[in-house]
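Here's a quick briefing for anyone meeting this structure for the first time. Have a look at the model, then read on.

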Amino acid sequence: PPSDASLFSQWVAQPGISPELRQLRQWISHYFQSIPANASLAEKRTARANLYLQHIPLPNDLRFTPVKLDGVRGEWSETLTSDPHRILLYLHGGGYVVGSAEGWRAVGAVLGRAAGMRTFSVDYSLAPEHPYPAALDDAIAAYRWLLDSGIPAGKIVFAGDSAGGGLALATLLKARDLKLPMPAAAFVMSPWTDMTMSGFSIDHPTSFDPFNRRPALIGSAAKYLAGHSNRDPLVSPLFADLTGLPPLLIQVGDEEAYR
């Protein structure tokens, strides 16, 4: 099989892509190839955060405030024109083992800004230090805090990417089972919905997908699950009954491995 260096080279050089996408792929390629095989988890977390912080400029009008809500750490982001009564509850990606509110500002904060909403990005607990259900408990606690603070559920939207997208869906399911009011909607990007990794394209992708390769997915899932069933809908929403959930917008890329 081709080496990783060869795969990355082909991926960056793929014809027909925009200059912006080619630049992004170069950054991602450098990120993956610059991490030593023996890098610690702390080093991997720092490197992943820097992938966005160092390469994606943020709008100058965004303001950030670190907070701790009912024991859950996170970060508010807003502009002078953000509607204080409309909230985006954002859950970052990172396979449940890396990621932070600050590191994912280029996604969560920018989404809220585009929608004219305040964003609360949750710094949920990460595995392996805090396996399932710690991240889900943090997300539910953050949602409860917003509701208890007087914000109507109909003014709240859930959002998340990758593992955070799966967590957003799991939070909807848990909130439904707890008989909490449903938020207005949820928007998830490339959500990790299947910890059984049954998707055919994980092993036979139509194109190289550096973020979603089976060894990395298996490793992250094992850390998060810590022996818990990988078919539980609260870790694999693919197997859930979606009855009673609010409107969902799910976006995926046409070249990513199906999860």
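**A quick tour**

Let's start with Y224: its relative accessible area is 1%, so Y224 is buried (buried means under 20% relative accessible area, exposed over 50%, partly exposed in between, with a 1.4 Å probe and protein chains only). A word on the source: this is a predicted model, where local features need pLDDT of at least 70 and side-chain atom pairs count only at pLDDT 80 or more, while totals for chains, interfaces and linings use all residues. Residues are numbered from 1 along each chain as its sequence is written, and side-chain values use heavy atoms, with hydrogens and water left out.

**Aromatic rings**

- Y224 pairs up with Y132: the ring centres are 5.9 Å apart and the planes sit at 80 degrees, so this pair is edge-to-face.
- Here, rings of Phe, Tyr and Trp (its six-membered ring) pair if their centres lie within 6.5 Å; planes under 30 degrees apart count as stacked, over 60 as edge-to-face and the rest as tilted.
- This pair links distant parts of the chain, 92 residues apart: Y224 belongs to helix 8 (residues 214–225), and Y132 to the loop between strand 4 (117–122) and helix 5 (134–148).
- Y132 is buried too, at a relative accessible area of 16%.
- In total, the structure holds 12 aromatic pairs.
- Another edge-to-face pair is F8 with W11, at 6.3 Å centre to centre and 75 degrees between the planes.
- F8 and W11 lie 3 residues apart in helix 1 (residues 4–12), so about one helical turn separates them.
- One aromatic cluster is made up of F8, W11, Y31, F32, F208 and F211.

**Two residues up close**

- Y31 sits in helix 2 (residues 19–34) and counts as buried, with 10% relative accessibility.
- Not counting residues up to four places away in sequence, Y31 touches K44, A47, R48 and L51 (contact means heavy atoms within 4.5 Å).
- F187 is found in strand 6 (residues 185–189) and is buried as well, at 16% relative accessibility.
- Leaving aside neighbours within four places in sequence, F187 is in contact with L111, F158, A159, G160, L249 and Q251.

**The whole chain**

- The protein chain has 8 helices and 7 strands; helices (H or I, at least four residues) and strands (E, at least two) are DSSP runs, numbered from the N terminus.
- Of its 259 residues, 48% count as buried.
- Among contacts between residues at least 6 apart in sequence, 76% join residues at least 24 apart.
- Along the principal axes, the C-alpha atoms fill a box of roughly 55 × 45 × 35 Å.
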